[in-house]
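Please look over the sequence and the structure shown here.

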Amino acid sequence: MKKIIALALTLVMVFALAAAGGTAYAAEGGSVYWLNFKPELDEAAQGLAKLYTEKTGVPVKVVTAASGTYSQTLTSEMDKSSAPTLFIIGNQAGVKEWGEFAMDLTDTPIANELSTDAYNLYDEDGRLVSIGYCYECYGIIVNPDLIEAAGHSMDELVNFEGLKAVAEDIHARAGELGFDAFSSSDMDGSSSWRFTGHMANLEYFYEERDAGGWTECPAELSGAYMENFKNLYDLCINNSLTDPKDLATGGHDAENEFKTGKAAFFVNGSWEYAAVSEAVPNATMIPYYCGVEGEEKAGLNCGTENCWAINDMASDADKAATMDFMVWLVSDPEAAAVMVEQLGVLPYKNVPESQNGFLAAAAAYTEDGCYVMDWATNYQPNVDDYRAALVSALNAYNADQSEANWEQVKTAFVDGWAVQYQAANG
Amino acid sequence: MKGIFKNPLRRWFWLFLGPVTAAFAIGFVWPFFQGIYLSFCKFKLVRNAKFIGLGNYTAALKDPTFMHAFWYTALFALTSLLLINILGFAAAYVLTQGVKGSNLYRTVFFMPNLIGGIVLGYIWSMIFDGILSRYGTSILMETKYGFWGLIILMCWQQIGYMMIIYIAGLQSVPEDMLEAAKIDGATRWQTLFRVTIPNVMPSITICTFLSLTNGFKLFDQNLALTGGLPFIIQPDGSNIKTTEMLALNIYNTFYNSNSASKGVAQAKAVLFFILVAGIGLAQLAYTRKREVQQ
């Protein structure tokens, strides 16, 4: 009996060792490992990877990091022997952190496919470390049907005064109208970035414009446009479906509130178009009107954090395979169509036109001679910590909109920037 | 020499011990020592670590958020240690007195222990906020809510587990001792403190050890329940995450975008290990002395 047990155990171990040692490695021809950053793209990316492998025989692995954990996933994956060959460097902080591991993409086949240089990121030495693969816009999504149902017109929404008048009127008559002005602005992790990342951009953008543009993260902010941020933020939380006191924990589905016609305004971006336009086909997007002089000429916030970088530590064969795959994604008719459908506008020469209504709105503003509000928010130093502190201060302010609490928000917003800049660069 | 090879199990011992030793070395010993080495390095990826000496330790000890997290964690560990063990023992005591349906109670009390920490954190944050929102506040708004919220959560999760250990201890208290105490006219309290508790000291040792180290090592529940909120925004713009415990502080430090922060986090993790191991061993030595031989 003992012998049988010993034999069985030995067999189990032999198989276990064989299984551990038997991992297949890719062929000599190189393979692609794409560490994807957008959970909503995962399904399409997996499909494209499969299609590419079927067509060319080159193995493509796509792994998508869970929402909000990209830097953690990247850190651990980059240390493995089979590290990602294609990863995301989305902003200047990313360039600082990961730029040294990125291949210089200047004059490479993928760079030659680009239609604009506007969304590319360079490091201090002028190396092209990452390359935009789509761009996005954010602002205030509006349901024009509800604006009209409330007896107003879209023509009133051309500056902060107009927006304020309409929003406050709708909120005051919410009971009678059956809908409210703004959808909920939850401060939990799944929603707070719409304010600490996106709406905050209006303050950074106008500061940046006064400074004649930023090329690297400024060590400190002046906070000159904090009042404007407050204007729009107050309007948003005080004319909404949800009592500001209840925003801290979240749990309100802002997207659904907008889709079901319970709210006329929804602070979000172009990636929401597919979800929103099914229910609200007329949905459009307006800029962050906040009471800045001349804002009648403001456009949407356009930019991207979706920039591809190739891992310079990968083998030459893998780098070449990755390059081919990237070019295929933005030039093959079938693949490019899927990319455009998922991501909106791609800044490449050979891609189909996008059907995204919000990006169309962004283009329309630009055609009307309005200025684009670029994503100065991408410079936020030590971004997770900076935003977390801002959430904490905004929570206190939402619960009690006192002067003292607003001072805390200002401290977190303006002085917090300098502190986090030091923490990240000191 | 001949004797060793006579027994086939002895001859093959390396085959049986080998995989376990290898797994232990790969999964524990090697990372542990590499972790200690990395705490003396500046690194972004493990493979390009650069030795810098004690700088990380100096930075870790100078970090006010680390010190705050330490005191907060110590307070939490102590409070949860007391509450979990007193309530766990009380539940065990009641359920060994022949209460009707005690098997059902034992199962029910034990069950919360089977739920993962992150899930538990989110569930409890909903429960707390369901109550607190009636008063226009939230668990994320006040440090004291975050603290007691975490204590309630941990009690709820751990009391059942400790109770099972205490029940085992209580059942092994010799009947004749209890009977002798009764015949000698001891009151219930006297029996409890003079006979029962000294006899369950081994259980108390293990339970206090578990709850103390659990308290110090707590991460998932802390992350999911409050994530460190609310912060105190200092006048200079820096912040203190008032409900951030040690493990979460280490995690947050590690993913800070400063190029030096990973080494500092690693140094904090080594200090953390020394602290938890030291406290755990000291407590074991202390309670072991109070165990009686039956």
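**A walk through the two chains**

With 25 C-beta neighbours inside 10 Å, A:Asn382 counts as buried; a residue is called buried if 20 or more other C-beta atoms lie within 10 Å of its own, exposed if 12 or fewer, and partly exposed in between, with C-beta atoms placed from the backbone. A:Asn382 sits in the loop between strand 12 (371–374) and helix 17 of chain A. Helices (H or I, at least four residues) and strands (E, at least two) are DSSP runs, numbered from the N terminus. The phi of A:Asn382 is positive, near 45°, in a residue other than glycine.

This is a predicted model, in which local features need pLDDT of at least 70 and side-chain atom pairs count only at pLDDT 80 or more, while totals for chains, interfaces and linings use all residues. Residues are numbered from 1 along each chain as its sequence is written, and chains are lettered from A and ligands numbered from 1 in the order in which they are written.

A:Asp107 is in the loop between helix 4 and helix 5 (109–113) of chain A. Is A:Asp107 buried or exposed? A:Asp107 counts as exposed, because it has 8 C-beta neighbours inside 10 Å. Most residues other than glycine have a negative phi, and most peptide bonds are trans. In chain B, the peptide bond from B:Leu229 to B:Pro230 is cis, with omega near -5°. B:Pro230 belongs to the loop between helix 12 (220–225) and strand 3 (231–233) of chain B.

Next come the domains, whose bounds come from an automatic or database domain assignment. Chain A is assigned domain 1 (26–135 + 304–349) and domain 2 (137–303 + 361–425). The centres of these two domains of chain A, taken over C-alpha atoms, are separated by 30 Å. Between them, 9 residues of domain 1 of chain A are in contact with 12 residues of domain 2 of chain A, where contact requires C-beta atoms, placed from the backbone, within 7 Å. The side of domain 1 of chain A that touches domain 2 of chain A has 2 nonpolar, 5 polar and 2 charged residues. Here Ala, Val, Leu, Ile, Met, Phe, Trp, Tyr, Cys and Pro count as nonpolar, Asp, Glu, Lys and Arg as charged, and the others, Gly among them, as polar. Chain B is divided into domain 1 (2–38) and domain 2 (56–288), and the C-alpha centres of these domains of chain B lie 34 Å apart.

The two chains also touch each other. How many residues does each chain give to the contact? Chain A gives 32 residues and chain B gives 29 residues. On the side of chain A that touches chain B, helix 1 (2–21), helix 3 (70–78), helix 4 (92–98), helix 17 (383–399) and helix 18 (403–425) of chain A each supply at least two residues. Helix 18 of chain A provides the largest share of that side, 9 residues. By type, the residues of the side of chain A that touches chain B are 15 nonpolar, 10 polar and 7 charged.

Helix 7 (residues 160–172) of chain A has 13 residues and reaches 18 Å from its first C-alpha to its last, close to the 18 Å expected at 1.5 Å a residue; the expected span is 1.5 Å times one less than the number of residues. Its buried residues include A:Phe160, A:Leu163, A:Val166, A:Ala167 and A:Ile170. Seen down the axis of helix 7 of chain A, the buried residues fall within an arc of 140°, so they line one face of the helix; the arc is that of the directions from the helix axis to the C-beta atoms. The face turned away from the buried side of helix 7 of chain A carries the exposed residues A:Glu161 and A:Ala172.

A:Ala335, A:Met339, A:Val340 and A:Leu343 are buried in helix 15 of chain A. These buried residues fall within an arc of 130° seen down the axis, so they line one face of helix 15 of chain A. They pack against helix 2 (42–56) and helix 14 (316–331) of chain A. On the other side of helix 15 of chain A, A:Pro333, A:Glu334 and A:Ala337 are exposed.

Technical notes. Contact = placed C-beta atoms within 7 Å.
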